[in-house]
Amino acid sequence: MNQVKIGKFIAELRKKSGLTQEQLGERIGVTNKTISRWETGNYMPSIDMLEVLAETFNVSINELLAGEVLDDKSFRTKADENVLKIARSEIFSIKEKSDYWKKKWRKEHIADFAISAVIALVFLIAAPIIFEEPMMSALTPIVVLIEYLVLNNRMMGYVEKHMYDCDE
């Protein structure tokens, strides 16, 4: 999003409405300095203020974020662009969120890892004895891989559920 373009658009709308920065500020509950900062592109209005501004100037929030009045054809395109820009400007990236939930899952399921290690160790020691075949311990990597895949799948389900607020 181009803050300067948005700011110029807010200034243009304010002037067309015949309002000073001070009058607009009084109308929407902010100071004239805040209006000035928006209009110069130094600050962006909060989502709540964008809603108030859109209502005040009888434009859409999408048009405010685009910094221009949109026709029907370009409205949908700009809406998609604006949603993507807002999503990309979140405080945490998708990778950071994913890493956080993976780390949290691992902490909560440390017992699962311990049990997996014990199973692998038991299989490594007991398989040759039970099956009377010394080469059975060679299957240990396969058992470990299967355990890893099961645990990883459970973790990714947990991560996805928490990142996207999905139902189980």
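Hi everyone. Before the first contact, one definition: a helix axis here is a line fitted to C-alpha atoms over the stretch in contact, and angles run from 0 to 180 degrees between N-to-C directions. One caution as well: what you see on the screen is a predicted model.

With that in hand, let's take helix H7 and helix H8, which is residues 110–130. Their axes come within 4 Å of each other, and the crossing angle is roughly 65°. Who makes the contact? On the H7 side we have Trp105, Arg106, Lys107 and Glu108, and on the H8 side Ile110, Asp112 and Phe113. Sorted by class, that contact between H7 and H8 has four charged residues, three nonpolar ones and no polar ones.

Now please look at another helix pair, H2 at residues 21–28 and H3 at residues 32–40. Here the axes come within 8 Å and cross at roughly 110°. Angles of 65 to 115 degrees count as roughly perpendicular, and H2 and H3 are therefore roughly perpendicular to each other. From H2, the residues in the contact are Gln21, Glu22, Leu24, Gly25 and Ile28, and they meet Asn32, Ile35, Ser36, Trp38 and Glu39 of H3.

The largest one has 17 residues, and the members with the most contacts inside it are Leu24, Ile28, Trp38, Leu53 and Leu64. Which elements give two or more residues to this core? They are helix H1 (3–16), H2, H3, helix H4 (47–57) and helix H5 (61–66). H4 provides the largest share, five residues.

Setting aside neighbours within four places in sequence, Ile28 touches Ile35, Trp38, Met49, Val52, Leu53 and Thr56. There is also a second, separate core of seven residues, with Trp105, Tyr158, Val159 and Met163 among them.

How many aromatic pairs does the structure hold? Three. One of them is Tyr100 with Trp101, an edge-to-face pair at 4.9 Å centre to centre, with 80° between the planes. Tyr100 has 48% relative accessibility, so it counts as partly exposed, while Trp101 is buried, at a relative accessible area of 18%. Trp101 also pairs with Tyr158, again edge-to-face, at 6.1 Å centre to centre and 70° between the planes. That pair bridges distant parts of the chain: Trp101 sits in helix H7 (residues 94–108) and Tyr158 in helix H9 (residues 140–164), 57 residues apart. Is Tyr158 buried or exposed? Its relative accessible area is 14%, and under 20% means buried, so Tyr158 is buried. Taken together, Tyr100, Trp101 and Tyr158 form one aromatic cluster.

Last stop, a backbone detail. Asn58 has a positive phi of about 55°, although it is not a glycine. Where is Asn58? In the loop between H4 and H5. With a relative accessible area of 71%, Asn58 is exposed.

Definitions and conventions. Residues are numbered from 1 along each chain as its sequence is written. This is a predicted model: local features need pLDDT of at least 70, side-chain atom pairs count only at pLDDT 80 or more; totals for chains, interfaces and linings use all residues. Side-chain values use heavy atoms; hydrogens and water are left out. Angles under 35 degrees count as roughly parallel, over 145 as roughly antiparallel, 65 to 115 as roughly perpendicular and the rest as oblique. Contact means heavy atoms within 4.5 Å. Rings of Phe, Tyr and Trp (its six-membered ring) pair if their centres lie within 6.5 Å; planes under 30 degrees apart count as stacked, over 60 as edge-to-face and the rest as tilted. Buried means under 20% relative accessible area, exposed over 50%, partly exposed in between (1.4 Å probe, protein chains only). A nonpolar core is a set of buried Ala, Val, Leu, Ile, Met, Phe, Trp, Tyr and Cys residues joined through side-chain atoms within 4.5 Å. Ala, Val, Leu, Ile, Met, Phe, Trp, Tyr, Cys and Pro count as nonpolar, Asp, Glu, Lys and Arg as charged, and the others, Gly among them, as polar.
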